[in-house]
Amino acid sequence: MNSPIAWVLVFHILGFVFWMAGLLITTLVLATHAEEKSPEARHALERLEVRLLRGFAHPGAAIAVLAGITVVWIQPSFIHQRWLHAKLFLVAILMGLDFVVYWRAKEFHSGQIKLKRTECMMLHGAISLVFLGILILVMIKPF
């Protein structure tokens, strides 16, 4: 399978891995940050959260989405497959969760809100479930 679509899929998967890793690690760091008392540690955690979102999650999301669009452009028959419709629905949910993580972190960093560990862990769990759903849809193609 040494075709253009194979290379695009490599970038699609790579982008998705970066996106998921960035979001999942950010939510764990935010959970720790929410309970941290030391100003120096809080500042370091804030910098780490920003780096994870800007350096991993968001570039990964861009790569995954652009490569996904390219896959459908190269292989237009994919757009008629029901598993892909379900996957795209989960991707939309994932984008919403990404937006929530980004804005909650931004508000937390500016002191506008108090963030609770439980909220961060709920976001972590929701992202994990969506990730699992996408993985099942792509690998099993149940319908």
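Predicted model: local features only at pLDDT ≥ 70, side-chain atom pairs only at ≥ 80, totals over all residues.

Analyst: Residues are numbered from 1 along each chain as its sequence is written, and side-chain values use heavy atoms, with hydrogens and water left out.

User: Why is H1 called roughly antiparallel to H4?

Analyst: The axes of helix H1 (residues 4-35) and helix H4 (residues 117-140) come within 8 Å and cross at roughly 165 degrees. Angles over 145 degrees count as roughly antiparallel, therefore H1 is roughly antiparallel to H4.

User: What makes up the contact of H1 with H4, by class?

Analyst: Contact means heavy atoms within 4.5 Å. Residues including Phe16, Met20 and Leu23 of H1 and Cys120, Met121 and Phe131 of H4 make the contact. The contact residues divide into 14 nonpolar, four polar and two charged. Ala, Val, Leu, Ile, Met, Phe, Trp, Tyr, Cys and Pro count as nonpolar, Asp, Glu, Lys and Arg as charged, and the others, Gly among them, as polar.

User: Which residues lie nearest the centre of the largest pocket?

Analyst: A pocket is an open set of points on a 1 Å grid where a 1.4 Å probe fits, with protein on both sides within 12 Å along at least five of seven lines; lining residues have an atom within 4 Å of a point. The largest pocket is lined by 26 residues, of which Leu9, His12, Lys87, Ile134 and Val138 lie nearest its centre. By class, this lining has 22 nonpolar, two polar and two charged residues.

Definitions and conventions
Axes fitted to C-alpha atoms, helices over the stretch in contact; angles between N-to-C directions. Helix = DSSP H or I, 4+ residues; strand = E, 2+ residues; numbered from the N terminus. Parallel < 35°, antiparallel > 145°, perpendicular 65-115°, else oblique.
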